[in-house]
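Here are a few exercises to work through with the model open beside you. Try each task before you read its solution.

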Amino acid sequence: MKDNILYIVIPCYNEEEMLPITYKALKSKMESLIKSKKISKESKVVFVNDGSKDKTWEIITNLHKKDKMINGINLSRNKGHQNALLAGLLTVKNECDIAISMDADLQDDINAIDKFIDEYKHGSEIVYGVRSSRKKDFWFKRVTAEGFYKFMKLMGVDIIFNHADYRLMSNRVLNDLAGFKEVNLFLRGIFPLIGYRNSIVEYERHERVAGKSKYPLKKMLSFAFEGITSFSIKPLSLVLNLGLIIMIISILVMIYCLIVKLLGYTVAGWTFITISIWFLGGLQMLALGIVGKYVGKIYSEVKARPRFIVQEYLNK
């Protein structure tokens, strides 16, 4: 049986400081895997430049020139992490037997790749890399990150707990992934929808050794909201239910006010009315915002614009 061709796909945005370090680490890992007959000599590392403003693409180009194990994909403009990752996976899907996606910061333990391949050879079409713990995270990051996964589950999204975008996919899975045409991408939610036999490999996440994180709190919150509204309509149901509850409370308050008036009591009511107006006004704005977000997503989807444009592919 021939060795499997592995492509490691890595989205990059302004990673000029990290790329030389990442290259050396993955070069060593790939050579080790080839030597142990786990993967084919035709295996590659594919860096996807997501419209970087620094020398990221220049570094990728130079690495490709000196080492044919390195391929490079240059997107025409910045399209975001999820689109850059998808661009890499769909570009290489016909060239490899298996692909592994990971970030350029080497926080994902590359030694877990051996276990990924073992799980694939045991029949898994998708292997999810899952953090074994979050002890190294600051308490706020740990609480918000774990809360994100729990909230996604509560909203009805099928998602792997503590799994980001470190995973192995078979060629069969990559071809099925191409059938998902949504513009609003949330890959962590898409892969469980594909199905097939899957497994989990736990690993310890490392600290970033160079460069800056591309996911500050604001971007993480935006990413979480994108994921929820892309895969769940429960927020709309919650708005409806909350509206019904407020309507019932309003009817009860109206009955109370009529009874008080008929009994001849003087009710100042200014505080109550003011609070009610502000509360109901805020509720209406929240409801309109949630509905508007879904309408905006429909607007993006029906235009069906390209999710990415590959300007250049260095593969020879």
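**Exercise 1: a salt bridge under cover**

Arg188 and Asp165 form a salt bridge, with 3.8 Å between their closest N and O atoms; a salt bridge here is a side-chain nitrogen of Lys or Arg within 4 Å of a carboxyl oxygen of Asp or Glu. Before going on, please note that this is a predicted model, in which local features need pLDDT of at least 70 and side-chain atom pairs count only at pLDDT 80 or more, while totals for chains, interfaces and linings use all residues. Residues are numbered from 1 along each chain as its sequence is written, and side-chain values use heavy atoms, leaving out hydrogens and water.

*Task.* Find where Arg188 and Asp165 lie, and decide whether each is buried or exposed.

*Solution.* 
1. Arg188 lies in helix α7 (residues 187–194) and Asp165 in strand β6, so their pairing ties together parts that are 23 residues apart in sequence. Helices (H or I, at least four residues) and strands (E, at least two) are DSSP runs, numbered from the N terminus.
2. Buried means under 20% relative accessible area, exposed over 50%, and partly exposed in between, with a 1.4 Å probe and protein chains only.
3. Arg188 counts as buried at 13% relative accessibility.
4. Asp165 is buried too, with a relative accessible area of 5%.

**Exercise 2: a charged network**

*Task.* Work out which residues join Lys27 in one salt-bridge network.

*Solution.* 
1. Start with Lys27 and Glu31, whose side chains meet in a salt bridge (3.5 Å, N to O).
2. Both residues lie in helix α1, 4 residues apart, or about one turn of the helix.
3. Lys27 is partly exposed at 21% relative accessibility, and Glu31 is partly exposed at 43%.
4. Now look at Asp67, in the loop between α2 (56–66) and β3 (70–75). Asp67 counts as buried, at 8% relative accessibility.
5. Leaving out residues up to four places away in sequence, Asp67 touches Tyr23 and Lys27, where contact means heavy atoms within 4.5 Å.
6. Salt bridges with shared partners join Lys27, Glu31 and Asp67 into one network.

**Exercise 3: a link across the sequence**

*Task.* Say which parts the Lys38–Asp118 pair ties together.

*Solution.* 
1. The side chains of Lys38 and Asp118 meet in a salt bridge (2.6 Å, N to O).
2. Lys38 lies in the loop between α1 and β2 and Asp118 in helix α4, so the pair ties together parts that are 80 residues apart in sequence.
3. Lys38 is buried, at 17% relative accessible area, whereas Asp118 is partly exposed, at 30%.
4. For the whole structure, a search finds 8 salt bridges.
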